[in-house]
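The stops below can be selected one after another.

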Amino acid sequence: ASSANRLASSAAAGMVASSPLADVLAAESSDEEETTGFLDVWASADADFVCGRLSEATASKVWQTKPLRLGGASGGEAKVAEIASLVADLFEVSRVRSQCLASKTARAIYCTRVLETGLQQVTAGVKARWNAISDILSEECREAAVLSETMEEICRFLDGFPLAEHFSLEVDSANALRLNILAKLAEGLSDLVAKYLRRLESEACVFSFTIAPPLVTLSRRLRPSSFRAVAQQAVAKLASLLTQHLRRQGFPAESAASLFAGNCDADLRGALSAATAVLGESGLSPLQALWDGCALLALPSAEAEALLATLRRAERCSLSYGDSMLTEPREALVAAGVRELSAKEALEVLSKRSSLAGASPQDMFGTARYIQSLHTDYAGLLPDAKAMLGGLDYASLQQEAKSKLGLGFMSGRF
């Protein structure tokens, strides 16, 4: 019994002795749990508040707008949704509250749970409203322009927001959405023109009543930098669309070629006047090849035939010695108003005209008209060319020309 009492006393003493250490460990554990729990509660409360306010704003059927201010001055007719200001206000308040957190890691967690979630909610709302627009150029582009300027305003705020580094991926997504909206506006203008391609050879002033009105509207409803981006992309898309159409298109009559040239030159220039105001003449350079083609289509028949003869001579001598043979066609093209097209490309355009059918390089050989021009150009070297037309076959003419000119024929060409 005595031994048992001593063991019990020793155990009790051990328990009493160990209690201070246990208390310290328990206190430290309690402090850690309390710190972690405080951050969770803090971030959760702020996230509920921020997301709640943004949810109310994005869920509204009609987003309230206000005039855009640019450096303290009015932005004209440009408007921005008030949700952009709400985002800035909420994020600024959250930034001040995050300064209470001692470590950068804690602030990063706070930003991820509060600010990143809020930004995701706003971009989702913008996407939903954009996708609900049936025609982005309808209703004078009001809704599309407001959404574009709203994202522009939000992204500009985030560019200078010091905590944006903690949710950079979502910031990049917001910028991608902003750029995609601008690209869609430019694509809408190009798609509008694509619907009227067949009318370019049958009606006048096609661009004046298709893209001119929405371009003017966008120039008023977007800030200059946004409209400049839309105009630049639209010009590039229109140049590609119309140039490809010209390459595929043939004109059954001179009147059709003339209408096409009038639409794609003077009328298009006039319709793009709003774009020219922000881009300058140099900003329209992607359209130069198209305008060169229009100049060739609009040439009077006599001038077109003379240019055709010059280009044919250059084509036949394209494998001759040196570059001196290229001077004459280039000067002739410049005189005709052509600045970018090569001689070969100019021939392809001229071949579109019904009065000059067969002018393309691949059609030169194999036509009596071309062989007659060969006799005219090389009468001294081929004195019997005219006689060949009546009796000799094409292979004989090739062999005769090859032996007397000393030039090789490749794919039916000198």
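Which residue forms a salt bridge with R199? Select R199 and E203: these two form the salt bridge, and their closest N and O atoms are 3.9 Å apart. Keep in mind throughout that this is a predicted model. Now colour by accessibility. R199 has 35% relative accessibility and counts as partly exposed, because buried would require under 20% and exposed over 50%. E203, at 30% relative accessibility, is partly exposed as well.

**Helix α4**

Next select E152 and R156. Both residues lie in helix α4, four residues apart, which is about one turn of the helix.

With which residue does E149 form a salt bridge? The partner is R223, and the closest N and O atoms of this pair are 2.4 Å apart.

**A network**

Now select E140, R142 and R221 together. Salt bridges link these three residues in a network. For the whole structure, a search finds 14 salt bridges.

**Helix α5**

Move to helix α5, residues 168-194, and select S190 within it. Is S190 buried or exposed? S190 has a relative accessible area of 10%, so it is buried. Show what surrounds it: leaving aside neighbours within four places in sequence, S190 is in contact with K237, L238 and L241.

**Confidence**

Finally, colour the chain by pLDDT. The mean for the protein chain is 81, and 73% of its residues reach 70 or more. Select residues 361-375, where the pLDDT is below 50; the model gives this stretch 32 contacts beyond near neighbours in sequence. Then select residues 404-414. Here pLDDT stays under 50, and the model has 32 contacts beyond four places in sequence for this segment. Why treat such contacts with caution? Where pLDDT is low, the predicted coordinates should not be read in detail.

Methods: Residues are numbered from 1 along each chain as its sequence is written. This is a predicted model: local features need pLDDT of at least 70, side-chain atom pairs count only at pLDDT 80 or more; totals for chains, interfaces and linings use all residues. Side-chain values use heavy atoms; hydrogens and water are left out. A salt bridge is a side-chain nitrogen of Lys or Arg within 4 Å of a carboxyl oxygen of Asp or Glu. Helices (H or I, at least four residues) and strands (E, at least two) are DSSP runs, numbered from the N terminus. Buried means under 20% relative accessible area, exposed over 50%, partly exposed in between (1.4 Å probe, protein chains only). pLDDT is the predictor's confidence in each residue, from 0 to 100. Contact means heavy atoms within 4.5 Å.
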